[in-house]
Amino acid sequence: TWYNMEQLMKKLDEQNITVTDYSTMIKVIQASLQRGAIRGEECSTVGKLYDKLIFQINKMNKENENARLSKTDN
């Protein structure tokens, strides 16, 4: 399928993972753990992923806060 530049940019933007997406992934992990869908031997791997998601959320929130602050300082 051929896209014009506007359609392509929109499609690319849709592929970006947002803070909301990270939060959704965390909720999926939490629900899976609560329902016993993750086995003991998988907990380390899932825990590392969970920590990375939390880190990304905090990083993105900090970047957004810094961007807001720099806009108000100008």
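Which exposed residues does the face of H2 turned away from its buried side carry? Select Thr 20, Lys 27 and Gln 34, and you have them. Here, exposed means over 50% relative accessible area, buried under 20%, and partly exposed in between, with a 1.4 Å probe and protein chains only.

Before moving on, a word about the model. It is predicted, with local features needing pLDDT of at least 70, side-chain atom pairs counting only at pLDDT 80 or more, and totals for chains, interfaces and linings using all residues. Residues are numbered from 1 along each chain as its sequence is written, and side-chain values use heavy atoms, leaving out hydrogens and water.

Now colour by pLDDT, the predictor's confidence in each residue from 0 to 100. The protein chain averages 89, and 93% of the residues score at least 70. Confidence is lowest in helix H1 (residues 5-14), with a mean of 82, and highest in helix H2 (residues 19-34), at 95. Helices are DSSP runs (H or I, at least four residues), numbered from the N terminus.

**Along H2**

Stay with H2, whose 16 residues reach 23 Å from first C-alpha to last, close to the 22 Å expected at 1.5 Å a residue (that is, 1.5 Å times one less than the number of residues). Pick out Tyr 22, Ile 26 and Ile 29, which are buried in this helix. Look down the axis: the buried residues of H2 fall within an arc of 60°, so they line one face. The arc is taken from the directions of the C-beta atoms as seen from the helix axis. After H2 comes Gly 36, with a positive phi near 75°.

**Charged pairs**

Finally, show the 3 salt bridges, each a side-chain nitrogen of Lys or Arg within 4 Å of a carboxyl oxygen of Asp or Glu. Arg 68 and Glu 65 pair at 2.9 Å, N to O; being 3 residues apart in H3, they are separated by about one helical turn. Arg 68 is partly exposed, at 49% relative accessible area. Arg 39, Glu 41 and Glu 42 are joined into one network: Arg 39 meets Glu 41 at 3.5 Å and Glu 42 at 2.9 Å.

Terms used: Helices (H or I, at least four residues) and strands (E, at least two) are DSSP runs, numbered from the N terminus.
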